[in-house]
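Subject: Structure handover

Hello,

Here is the structure for you to look at. My notes on it follow below.

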Amino acid sequence: MKIAIAGSSGLVGRSLVAHLRTGGAEVLRLVRRTAAAADEVEWDPARGLIGVEKLATVDALVNLAGENIAEGRWTKARKIALRTSRLDSTRLLAETIAHRPWRPRVWLNASAVGYYGTRADEILEETSSPGAGFLAELCRDWEAATAPAQAVGVRVVQLRLGVVLTPGGGALREMLPWFRRGVGGPVGDGRNWMSWIALEELLRVIDSALVNPALCGPVNAVSPQPLRQVEFAAALGRALGRPATMRTPAMVIRLGFGEMGEATVLASQRVRPAALERSGFAFGPSGLEEVLRAQFVESGEGAPPA
Ligand SMILES: NC(=O)c1ccc[n+]([C@@H]2O[C@H](COP(=O)([O-])OP(=O)(O)OC[C@H]3O[C@@H](n4cnc5c(N)ncnc54)[C@H](OP(=O)(O)O)[C@@H]3O)[C@@H](O)[C@H]2O)c1
């Protein structure tokens, strides 16, 4: 398979490029600068420019592009950047597919469980209604921006990612220093649900979505075992052999991170991977402690004995 990836320098993209190449795929990376290698394709989502000639023979597209959601407070300018970086890029890809000589068989476009907003204990499947708030609206518009490609018959999968866990980056890397010192713990009252997916599992979900026509439309890319914050913190503490009972009050998150903290750290999303389950996807180990221990060993950090 020849696969183009947008957002390839990010947390997921870097691992995905290596994973797909190891599996024998030919990978092209869309880059927002002058192309400097044969596997690079120039694009400039803000100016609507894309090197479509190189893409003409590409079978599949994976779009992970967007400014980092969890980087800093959501000022007015930051919100504009979060939206335009996702909507400009997705619209450009959709319009290119619809109106230029390029029809990939499948397009995987990132989205997030933020689509559902914050929903207490409700079990959320792909058919659940969208939530309210900036992030939920952004995810809805982001997914809708793929419509021109769907209209010309491309199989589009909107991957609603849970929190991607890897010691190498993202949320887990932010948490680890605190938990290692034994001062980690749940946030808020600890009852909020967290829907997560190990990076390795996400790569297998992407493999499956690339080839399985049963996966089409929104797909929750999450572990079948979402956890309450209090359970998540306890599992991480056990995996590190450290106490993990130091609570961070919701007020501290609100004061420190404002709306961003409210919509990410304090959100409650109990998401079920219903589409993946129906498609026959073979989930790997789903116990968080087991997953984390394996990751710590893999990353060379070791893990304390069980
Ligand atoms: N990681 C998570 O826990 C998580 C959870 C839910 C949803 N998601 C979503 O999944 C996608 C991939 O996640 P990730 O963690 O790999 O994200 P990431 O590390 O923040 O990487 C996103 C990539 O998007 C590109 N990008 C950055 N600013 C951009 C801009 N202004 N315009 C166009 N492209 C821009 C960059 O790649 P280039 O420099 O190569 O262009 C960047 O490396 C993101 O859209 C994210 O919102 C992630």
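**Helix packing**

Helix α8 (residues 229–240) and α11 (288–298) have axes that come within 9 Å and cross at roughly 40°. Axes here are lines fitted to C-alpha atoms, for helices over the stretch in contact, and angles run from 0 to 180 degrees between N-to-C directions. Helices (H or I, at least four residues) and strands (E, at least two) are DSSP runs, numbered from the N terminus.

This is a predicted model, in which local features need pLDDT of at least 70, side-chain atom pairs count only at pLDDT 80 or more, and totals for chains, interfaces and linings use all residues. Residues are numbered from 1 along each chain as its sequence is written, and side-chain values use heavy atoms, with hydrogens and water left out.

Because of their angle, α8 and α11 are oblique to each other; angles under 35 degrees count as roughly parallel, over 145 as roughly antiparallel, 65 to 115 as roughly perpendicular and the rest as oblique. On the α8 side, Phe232, Ala235, Leu236, Arg238, Ala239 and Leu240 meet Leu288, Glu289, Leu292, Arg293 and Phe296 in α11, where contact means heavy atoms within 4.5 Å. The residues of this contact comprise eight nonpolar, no polar and three charged. For these classes, Ala, Val, Leu, Ile, Met, Phe, Trp, Tyr, Cys and Pro count as nonpolar, Asp, Glu, Lys and Arg as charged, and the others, Gly among them, as polar.

Helix α1 (residues 11–22) packs on α7 at an angle of about 60°, with the axes 10 Å apart. That makes α1 oblique to α7, and their crossing is right-handed. Val12, Ser15, Leu16, His19 and Leu20 of α1 make the contact with Leu199, Leu202, Leu203, Ile206, Asp207 and Leu210 of α7. By class, the contact of α1 with α7 has eight nonpolar residues, two polar and one charged.

**Cavity and pocket**

The whole structure was searched for cavities, and one of 30 Å³ or more was found. On a 1 Å grid over the protein atoms alone, a cavity is a set of points where a 1.4 Å probe fits but cannot get out, and a pocket is an open set with protein on both sides within 12 Å along at least five of seven lines; lining residues have an atom within 4 Å of a point. Grid points are joined across faces, edges and corners, and a volume is the space filled by probe spheres set on the points.

The largest cavity holds about 40 Å³ of space. Its lining includes Val12, Leu202 and Ile206, which also take part in the contact of α1 and α7. β6 (106–112) gives the most to this lining, with three residues. The lining of the largest cavity has nine nonpolar residues, two polar and no charged.

The second largest pocket holds about 210 Å³. It has 15 lining residues, and Ala198, Glu200, Glu201, Pro285 and Val291 lie nearest its centre. Here α11 gives the most, with four residues. The lining of this pocket has seven nonpolar, four polar and four charged residues.

**One backbone angle**

Ala120 has a positive phi of about 50° although it is not a glycine. Ala120 is in the loop between β6 and β7 (123–124).

Regards

Notes
A crossing is left-handed if the near helix is turned anticlockwise from the far one by less than a right angle, and right-handed if clockwise.
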